[in-house]
Every structure is written in structure tokens, then in C-alpha cells.
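Me: I'm new to looking at protein models. Could you help me learn to read a few features, one at a time?

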Amino acid sequence: MHPPESAPRPWKRHVAPLLLLSALWSTASSVTRYSVPEEMETGTVVANLATDLNLDVRSFVERKVKLDHVHNKKYLDINKASGDLFVVEKIDREYLCPTKTSSSCFLKMDVILENPLRIFNVELEILDRNDNAPQFRREAMHLDISESASPGERFSITNAVDMDVGENSIKTYYLSRSEHFAIDLQSGSDGTIYVGLLLKKALDREQRAVHGLVLTAVDGGDPPRSGTASIIVQVLDTNDNSPQFDRQVYSVDLIENASLGTLVMRLNVTDLDEGSNAELLFSYTLYTSEKTQEVFSLDSSTGEIRVKGVIDYEEIKSFEMYVEAKDQGTQPLSSTCKVLVFVTDLNDNHPEITVKSLKSSVEESAEIGTVIAVISVSDRDSGDNGKVELVIHNEHSLPFVLNKSSDDYFTLLVSKPLDREMVSSYEITFKVKDRGSPFLSDNETIKLEILDVNDNAPQFPQSIYTIHLKENNEPGTMLSSLSAYDPDLNENQYLVYFIMEKVIANTSMSMLFSINPENGNLYALKTFDFEREKEFLFHIEARDSGVPPLSSNVTVHVVILDQNDNTPLIVSPWRAQGTVIEQVIPRSTDKGSLITKVIALDTDSFENSRITYQFLQTTDATLFTLNQYNGEVRTARMFSYRDPRHQRLVIAAKDNGEPPLSATVTIKITTVEQAITPFAETTEVPLHYDLFTDLNLYLLIGLSSVSFLLLITILVIIVLKCQKPKPAKALHSNRNSIASQRNSTIADSTLISSDAYWYSMFLAETRKGNVVVRQPLPYGAGYFVSSIPRSTAVTETSESRASTLQVCMRSGQTRTLTLLLVKP
């Protein structure tokens, strides 16, 4: 490194920027210009800067040549090996120079070389290519032209635009073939071509109301490009057609005493024009008598002739009307017709119905035979024309019947049980007719309201409600709305909801859940834990406010759903909080050898407890593999002399919950050239705590006796194990050395490799309040398992390599509880 220079004097600090500015100005005094078409492919060479700037290409790398762009995008770059200036991104001339005020478009940049500093100004002229087709601002142009427009009249339309310039801009327009229209082209002072629509032939809206044209704009490029727009010409109407009746004389027959408003006829008139030119007004002419106008009305807008007075055949037998139809054009046109009405003599006295007595309402519990109304009938005619018959319209579908009490009187009775929930009201229509030819008839309708009684109990839409509730809910969470339905009215349908008391584990349902008595909304009063409570079954009652009240109940089944609220716990390899697992392996380890196995447990259920493993950090990603399902870490290849001696692995155990939770463990692997000592992979974790407090001598003697008997038992089992003539599988030399050095503390009853046994032991010890730790033995020979109380303080001792749990007693003695699980 160069020694630091002394700080400059204050006056030098002001002179240095001036000298640098002067140097830069002197090095950038010339401008080099190039021309290139737009849209050139990436990699296209524009020029050789080394040749054009008279520079040695070898100095490009030494002097750190670079290209300083004026624009934000980097369109060009320099090949430092050859000195070529080449395209790195397609150049769009229309993007760089959006305005068409000038046909020239330049891209300015500086070529900068250091040591010594030189700056060359480079301008790249972007030449236009015909890459843009003419476009109209609107795809469809609408024009309204009157059919009275004169040929030769010109109409303005929207021009097309082209982003290109020069010869590539718009040169001409074409119009689709039309006998009525042509285009008129005019050039502006700046060369812009303006287009207009020219009318060649007069229009007739009645022959063709809409003309569809296609306008095409073509530029001068090679090959040329074009764009199209549609022109829709709507021909406006003029009043050049008079109204026309389909007949000049109309004849119609009409019975006497026709009811007011009876339609006599509708005049049919057509007008080929449209709009106000086809809007017609009808009126009587002066040739129509006043008497006729008093009997018949004429609708001025529709041409309907209706009866508005009394028509008596004995008074007048025919009527004659003259009607004019006139349009609403500026200069209205009109036509007239004649209407003859002939009156037909008929039985002209209608029978009459009179309701003498009527109940407007009746309870739905009314008995059969209850009198609803008394009706009388009459007819002013005589003979058969005065004899009448009274019936109920649709009598077979009504719970009522007519009973004749005298010649002209009838009583209306209840004939079937009433049910307001099915029919809340009835419209009863009485029909009467005489025996004339043709007969005359009349009808009368009465309305009867059915009053409600409390005869329906509340009904829930389903017999059982199954409600799924995620654990860890907020107290007061709404679970569901258990609304019942009561078809009665008023107080008979006003419902009140209750939770039917039920005690589970000395807890009442009303302490766990609450229901709104007015609307049936069910709420949870506490936070539930799936690991403690999984479901509840109780009943909800709905009761109306009738007298007497009616009620019904429904079963509610609340199912607590598991949430991913427990983080996975890494139990193997075990380490104290925040510590790193250290493991030593030989550099001659074969490919596929088991280095360690990570085991994590999750107290959640189902998918929330399914754990997968993955690397978060690795010193060398090619050296180790991790089984995502069982957590086994194996070598992916053999170690080479290039591999670092220390490898650091960070492994995450993640459950399958939503969102997933995870825990991590850090393993430091050290490779050595010589053979490792037994249990080198495990980490000794001495635990110092005061286990024995105020223990007497008898407890110490008993503990010593048990330890001695355990040692004798282990020795006997090892001897029997060694006497087996054909072991299932020979252990590696390292494994034999491990067994020989530890045979005084290992019992055959612990030689189990099943993960199920490990998990059972973990659950048993954790229920006792202990912590269970499992460490792998070298080369996958088995596991080293230890159990300690949770309250014990855990520390890490880097000097010890054997994974043990040491219990420091008050007397200063150290006791190690060790359990070895060996894979068969």
C-alpha cells in the first residue's frame, strides 16, 4: 500500500477543481458523428472507435474506457478488445424523438478514457425506418348528412397520423367504392395532407338510411404501410312524404250500450319519413257532427276511436266520421279518410250484484258454516233477459260456498278449514248473467282478510348445525346465525333464543357460548385450544311470543380446528440455546456417508405437524445433501484438498402449516486427516445444577447400590452379546472401538434404532418434565440419547467431544446418565 499523502493546503483545495475543469474542456473539444438506422439488432457494430479516434485499442483496457450516456437507457457499448462501438439495445427513433418538428434525431454520448483523462464527444444520428403504419385517432367516424344536401358539398373528417418522418410519413388516402361519396385531398404549408369527404350524388333516406365507407391512409415507405378507419354516414330525414291511410273508407259494427272506452277501431296510417316528419296527429274534420264527437273519442296520437258516450240503438242506428292525419314536419303534409259505425241491437240491461252484509276479516280458526256475506242480485229486464244466475269465480279452489236463502238472496259460507300461512287473503269474485241472447253478465269482487292465530311452532332450516371454529379465537367471535322461521304474524312470530343448559366438566354451556336472544347470533365467550378441547355438542331453543307460546330446538355441534400455533422443536442434535453443534469427521469420508440426522417434533396435528428439512446456509452446496423428509445429512461427494477444513451448515425444520413455522440448528463440521476419536461427532454438554438438596446418607448409599447393580447387568449383557457366533452385520473398526471403550456404561436393552422407540421415549420423558437429547454416532452407527430435568442449566464445554449429560451434585461429584442407541 502507498503511504498516505499529506493533506493539501487550503489554497490548493480551490485551485484543483479549476485545473480539472480546464483539462476536461481541452480533452472534449471535437465531436464525432455516426449514422445508424433505428431498430438495428443487438450486437450490430456501428463503428470502430479505436480507428476513428486514432487510439490504440490496447489502451482501452488499461485506461478504463467507458461510455457515458446522456439518456437514461444504455443503447450502445464499447468492445474493449476490438474498439468497436456496438448496439446493446434496440433503438426506437420515435421513442427518443417523439416530436416531428425536425427530421433529424441524435443520440449524444461521451467516450471517457482515464490516465490521462480524455473525453470524446460522439453523436449518433438515428435514421428513420418505416416501422410505423398510419393510424387514425378513431376507428370509426360518424357523420350526419341531410338527404337535402347538395352534390359537391364537403364534410370534414379526422386525418390519420404517422410517427415516421420524411418519405415514411403519410402520402395519400383512398376511399372505398361509393356512388354517393368521394374524398378531397388538400396539402398544408408544412406538407401535411388533409382529407375531406365530398358528396357526389344526392341522398335519399327512404332508399338507404346509412352508408358505410372505409378510408385508407398510405405512407411513402418501401414497402408502404397503411391504416384504415370506417366512416358511418347517417342520412338525416326531410319531410318529403305525406301520410297514407290503408283505406279511404272504413266500416265497423258496434253493439248498443257498449261500455265507455270500448275500442271501435284503430286507424292504420304510414309515413315513410322519420322523426318529427313521421309523427302524426289525428283530428276530426269539420264534416263530423258534434253529436258524433260526443259519443266517440279520437286519440290524437294513436288514431284509436273509442266509445265515450251512451249508444242506444233506438235513438241512432249509425254514425259517420271524417278523420284527418297530419305529420309534424316544418311544412306539414296531411290526408283524410271516412269512418262508418253501424249500431247492433242487443239485450242492453245488465244484471246487478249488491253486497248487503260483509265481514272484512275472519280468524283462520273460524268454523265451517260461518257466514261471511249476504248478496242480492237483480236485472231490470223481463222474461228470460231478467232471469239471472249467481256463481263464484273458481269456486272449486276456494274454501267458500254460496247458499241460496231466497229467490234473490244468497249467503257466503266457510266450507273448508282456513290457513292464513297458506293464503293470507282472498279476492272473491261473484259472477251474474241473464238468460238473454246473447246473455249479459256482471261481476263483483270482495276482499277477505284472514287473521292469524298462533298455530305454528318456530322451525329451524336444519336439524343440526356443524360449526367449525379455529383455535385461538378471540373471545366474542361470532360463530353462526341460527335463525328460525315462524310463519305466524306479529307477536306470534316474535322469537326469543336460549341455550339449553348443559354441564360438561363442571362448566355450563352458557359460560362457553352466548346467543343473542333477538336474532340468534351465536358467539364464543372464551378462547379455545385444540390441544385441550376438540368439540362441543349442545342445543338451542327458539320460542315465539304467542299465547300459549310454541317452541322448538336445534342441535349445535361446534368443532375446534387446529391452527399452526406450535413451532417445531429440534430435539436432535440437541444443543443449548444459541449454541453451535460441533462435529469432527475424517476427510476420507466416502460419498453418501451419514454425517448427522436432524429430528424435530411438533405438537400440532395433521399437516401442521408434518415437518420437512432444508438447508438455509451451507459453506459448499455441492458437498452435502439433506433428506427433506427424515433430516439425514450425507456427503454428496468425497472431500478434496480444495475444500475448507471447516464447514458450516444451517438447517431449518419447517412444518406444513399456514403460515409455516420453523426452527433452525447450526452444525459446524471440522474435517481432520487422522482417524477421529470415539464419539467425536457428538458435543459434550455439561449441565451443572444442584440436584440433591438436603439428601441423607441413606439416599447416597441406595443410589450407589443401584448404580453398581446396573453396571453388573450391563457387563453381563455385553458378554452375552459378544458370544453370538454370527452377528447380523460387522461393525466398522471405528464402531468397534467405540463399543469397547464404552462397554461399561451401555446396556443391550438400549440397542434399538427405531424412531418409534425414540419418539416414545421422548414423550415419556417430557411428561416427567425432562429434556431428551439424541446425538448421532459416527457413520450412522446409531444415536447417543440423554435425559435431564428441564430446570437444569445447560452450558457447552468445547474441550469435551463425547456427548454426555453431566449432573453436578452438591458434594462436587459428577454423575453422567448416558443411553446409546445403535442401528442394527
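Reply: Gladly! Let's start with a word we will need: buried means under 20% relative accessible area, exposed over 50%, and partly exposed in between (1.4 Å probe, protein chains only). This is a predicted model, where local features need pLDDT of at least 70 and side-chain atom pairs count only at pLDDT 80 or more, while totals for chains, interfaces and linings use all residues. Residues are numbered from 1 along each chain as its sequence is written, and side-chain values use heavy atoms, with hydrogens and water left out.

Me: Is cysteine 97 buried or exposed?
Reply: Its relative accessible area is 17%, so cysteine 97 is buried. Cysteine 105 is buried too, at 0%.

Me: How many disulfides does the structure hold?
Reply: First the idea: a disulfide is a covalent bond between the sulfur atoms of two cysteines. Here a pair of cysteine sulfur atoms within 2.5 Å is counted as one. The structure holds 1 disulfide. It joins cysteine 97 to cysteine 105, with 1.9 Å from S to S. The torsion about that S-S bond is about 80°, so the disulfide is right-handed.

Me: What about aromatic rings?
Reply: Rings of Phe, Tyr and Trp (its six-membered ring) pair if their centres lie within 6.5 Å; planes under 30 degrees apart count as stacked, over 60 as edge-to-face and the rest as tilted. There are 10 aromatic pairs in the structure. One of them is phenylalanine 624 with phenylalanine 639, which is edge-to-face at 6.2 Å centre to centre and 70° between the planes. Both of these phenylalanines are buried. Elsewhere, ring pairs link Phe513, Phe528, Phe536 and Phe538 into a cluster.

Me: Which ring has the charged end of lysine 433 over it?
Reply: A charge sits over a ring if NZ of Lys or CZ of Arg is within 6 Å of the ring centre and within 35 degrees of the ring normal. For lysine 433 the ring is that of phenylalanine 439, 4.9 Å from its centre. Likewise, lysine 534 lies over the face of phenylalanine 530, at 4.8 Å from the ring centre.

Me: And how do I read a sheet?
Reply: Strands of a sheet pair through backbone hydrogen bonds, either parallel or antiparallel. Strands (E, at least two residues) are DSSP runs numbered from the N terminus, and two of them pair if DSSP finds at least two bridges between them. Strand 1 runs parallel to strand 7 (residues 118-127), joined by 7 bridges.

Key. Helix = DSSP H or I, 4+ residues; strand = E, 2+ residues; numbered from the N terminus.
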